[in-house]
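Please keep the sequence and the model side by side while reading the points below.

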Amino acid sequence: MVRGNAISKQKGRTIASNVLHAAIASPLVDPVISPNPFAMLANAPMDQLDGPEINETAMGIKLDSMTMANEYRSRIEGIGTMLLERLMNPWLFEDFNYKLTGLQAKFNKLLQPVHAFTRSIIQQRRELFHQNVRNLGDFSEENIYTNIKQRYAMLDTLLAAEAKEQIDEEGIREEVDTFMFEGHDTTSAAIIFTLLLIAHSPEVQERLYDELQQVALSRTNPEEEFSQRYYNELKYMDMVLKESLRLYPPVPFISRNISEDTYFGDRLVPKDTLFNVHIFDLHRDPAVFPDPERFDPDRFLPENVERRSPYAYVPFSAGPRNCIGQRFAILELKTVLTAILKNFRVLPVTKREEIIFVADLILRTKDPIMVKFEHRPGDHSN
C-alpha cells in the first residue's frame, strides 16, 4: 500500500511503537472508554467500529467530521481486494506485468483519495498541534500524556518528531496509513468471532460476567466508570480473547520478504523470497494445541503458555515487524466486550460448523455471523 525510505519507515515505526507502549496507553484510549462504550457499539454497525475510534484516539480527528470519510471507507475495501488479487497471482508480482495489465493504474486511482484523506488528517492535526505546543523544548512524551488539561493523540508525537527533523511528512503519512489500514475491520472481526464463541460457551460467558462483577465491586466509588486500571484486572477476559484470536485471527496470514539467504529446515530460502506465514493454520497445530478446534481459554493459563514457543501463537505477528497497535486493540476489545456482557447475555444462532470463509486479507465469512442478545435484568449502567 505504501512504499518509502527504509530509514524513515524505521524511525516512524520506532516513534509510533513507543507512543503505543502500555505505559501511555490509558490516556490514548480515553475517547474509546468514555463516556459510554455501549452507546458506541449500539449506534455503529460492526464494520464501522474500527474507523471512528482509531481516528479520534490515535489521530485526534473525528472520522465522521471529515468530508472524505465515506470515500475512505469504500476505497479501503477495494484496495484490499486488489492486494489480494496480486498476492494470489504470481505473474502479477513483477511491476512491469502489473502495469501492462492496467491494474497498476486502477490501484493508483483507488489509492490517491486514501492518501489525500490521510494528508488531510495530518494537516488538520498539525495546525492544532502548533496552536497548542508553542515551545518544542517543553514537549516530551512524558508530559503530553500527563497533561490533564489537553488531550493528545499518537499523531502529535509524530508531528513533534517532524518539527525536530526526526521524520519527514511522507514518513508520517506512511505510519498513519499503516495504522489506519491495519486497524480497519480487524477489531470488529475479533469482536464478532469472540461473541460467536462465548455464545456457544455459556460457562465461559458466566465466568466473564462474574469477573466483571468482582472488578466492579472492587471500585471505591460505585459510580466510577471503568478505566484502564479496571480493564487490566480482567485476567480471565485476557485468556478468552487470546483463545478467540487463536481460533479466528483477524489477519489469517502475513507475508515477509526474506532479507538474506536462510534455511527453512533443510531447504534453502534465497534472499528476496516472499514468505507467507499462515497464522490460521499455525494456530491449529495439534502438537501445540491439542484438540485445536475446541474453544478453551485455559490454554492461556500462565503454566500452559510457558510450555509453548513464543512463536506458536502470533495473532499480531512477532519480531520487529509485529503489530504496533496490539495493546490498543486488546483494550478496545475489552471495552466493547465489557459493555455487551454487563447488559446482555449472548445466545447462539450461527453454528461454528456453518461458517464458510472467503479469501480476503481480513478473516471474513461468506454469510453474516448471527448471535442473539438477551437483556440482563437490573441496572448495569456503570
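1. Cys-323 sits in the loop between helix H16 (302-305) and helix H17 (326-343), where helices are DSSP runs of H or I with at least four residues, numbered from the N terminus. This is a predicted model, in which local features need pLDDT of at least 70 and side-chain atom pairs count only at pLDDT 80 or more, while totals for chains, interfaces and linings use all residues. Residues are numbered from 1 along each chain as its sequence is written, and side-chain values use heavy atoms, leaving out hydrogens and water.

2. An unreviewed UniProt entry lists Cys-323 under "binding site", although such annotations may be inferred rather than shown by experiment. Cys-323 counts as partly exposed because its relative accessibility is 29%, with buried meaning under 20%, exposed over 50% and partly exposed in between (1.4 Å probe, protein chains only).

3. The largest nonpolar core has 43 residues, of which Ile-198, Leu-208 and Tyr-248 touch the most other members; such a core is a set of buried Ala, Val, Leu, Ile, Met, Phe, Trp, Tyr and Cys residues joined through side-chain atoms within 4.5 Å. Helices H11 (186-199), H12 (202-217), H13 (228-231), H14 (235-247) and H17 each supply at least two residues of this core.

4. The axes of H11 and H14 come within 9 Å and cross at roughly 105 degrees, the axes being lines fitted to C-alpha atoms over the stretch in contact and the angles running from 0 to 180 degrees between N-to-C directions. H11 is therefore roughly perpendicular to H14, a label for angles of 65 to 115 degrees.

Key: Angles under 35 degrees count as roughly parallel, over 145 as roughly antiparallel, 65 to 115 as roughly perpendicular and the rest as oblique.
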